[in-house]
Amino acid sequence: MSCLVEAGEDYAELRGVLLYGKAVRVDDRDRVLAIGLAIARRMTPGVPDELMLPYVEKTGAKRVAYVVERTRVVSWDHRRLT
């Protein structure tokens, strides 16, 4: 699989990273919960874990997770060209 993250509007501002790798399915409930909690922390900075945990536990009960084992990384930063 590949994952692309890019930012910038004009050509001289473009920067990004492209990851190639293998998506590995995670079925273990504890690991899915840990991944869900890590994502929730990033999406809601400053919110204590004890407030997020009930939501993550409820939504995580019907989810699986995928972890990308990267095999190749390509990055660019056009801001360095000027």
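1. One term before we start: contact here means heavy atoms within 4.5 Å. Among contacts in the chain between residues at least 6 apart in sequence, 65% join residues at least 24 apart.

2. Some ground rules. This is a predicted model, in which local features need pLDDT of at least 70 and side-chain atom pairs count only at pLDDT 80 or more, while totals for chains, interfaces and linings use all residues. Residues are numbered from 1 along each chain as its sequence is written, and side-chain values use heavy atoms, with hydrogens and water left out.

3. The parts list. You'll find 2 helices and 3 strands in the chain, and along the sequence they come in the pattern β-β-α-α-β. The radius of gyration (taken over C-alpha atoms) is 17 Å, well over the 12 Å that the globule rule gives for 82 residues, so the chain is more spread out than a compact globule. That rule is 2.2 Å times the number of residues to the power 0.38. Along its principal axes the C-alpha trace spans about 50 × 30 × 15 Å. Helices (H or I, at least four residues) and strands (E, at least two) are DSSP runs, numbered from the N terminus.

4. How much is tucked away? Buried residues make up 17% of the 82 residues in the chain. Buried means under 20% relative accessible area, exposed means over 50%, and partly exposed is in between (1.4 Å probe, protein chains only).

5. The 3 strands form an open sheet in the order 1-2-3, with antiparallel pairing. Strand 1 (2–7) and strand 3 (65–77) are at the edges with a single partner strand each, so one side of each has no neighbour in the sheet. On average, neighbouring strands are turned by 25° against each other, direction ignored. Axes are lines fitted to C-alpha atoms, for helices over the stretch in contact, and angles run from 0 to 180 degrees between N-to-C directions.

6. Who pairs with whom? Strands count as paired if DSSP finds at least two bridges between them. Strand 1 and strand 2 pair in the antiparallel sense over 6 bridges, and Cys-3 has Leu-19 in strand 2 as its bridge partner. Strand 2 (residues 15–26) and strand 3 also run antiparallel, joined by 12 bridges. Here Ala-23 stands opposite Val-68 in strand 3, and Lys-22 has Glu-69 in strand 3 as its bridge partner.

7. Leu-19 deserves a click. This strand 2 residue counts as partly exposed, at 27% relative accessibility. Leaving out residues up to four places away in sequence, Leu-19 touches Met-1, Ser-2, Cys-3, Arg-70, Arg-72 and Val-73. Arg-29 is 10 residues away along the chain, yet the C-alpha atoms of Leu-19 and Arg-29 are separated by 26 Å.

8. Now the helices. What do the buried residues of helix 2 pack against? They pack against helix 1. In helix 2 (residues 49–60), the buried residues are Met-52, Val-56, Thr-59 and Gly-60. They sit on the same side of helix 2 because they cover an arc of only 90° around the axis, the arc being that of the directions from the helix axis to the C-beta atoms. Glu-50, Leu-51 and Lys-58, on the other side of helix 2, are exposed.

9. Thr-59 up close. Thr-59 counts as buried, at 15% relative accessibility. A polar atom of its side chain lies 3.4 Å from the backbone oxygen of Val-56. A polar contact is a pair of N or O atoms within 3.5 Å; within protein, one must be able to donate a hydrogen and the other to accept it, and residues adjacent in sequence count only if both atoms are side-chain atoms.

10. Last one, His-78. Is His-78 buried or exposed? His-78 is buried, with a relative accessible area of 15%, and is found in the segment after strand 3. Not counting residues up to four places away in sequence, His-78 touches Tyr-11, Ala-12 and Leu-14. The backbone oxygen of Tyr-11 lies 2.9 Å from a polar atom of the His-78 side chain.
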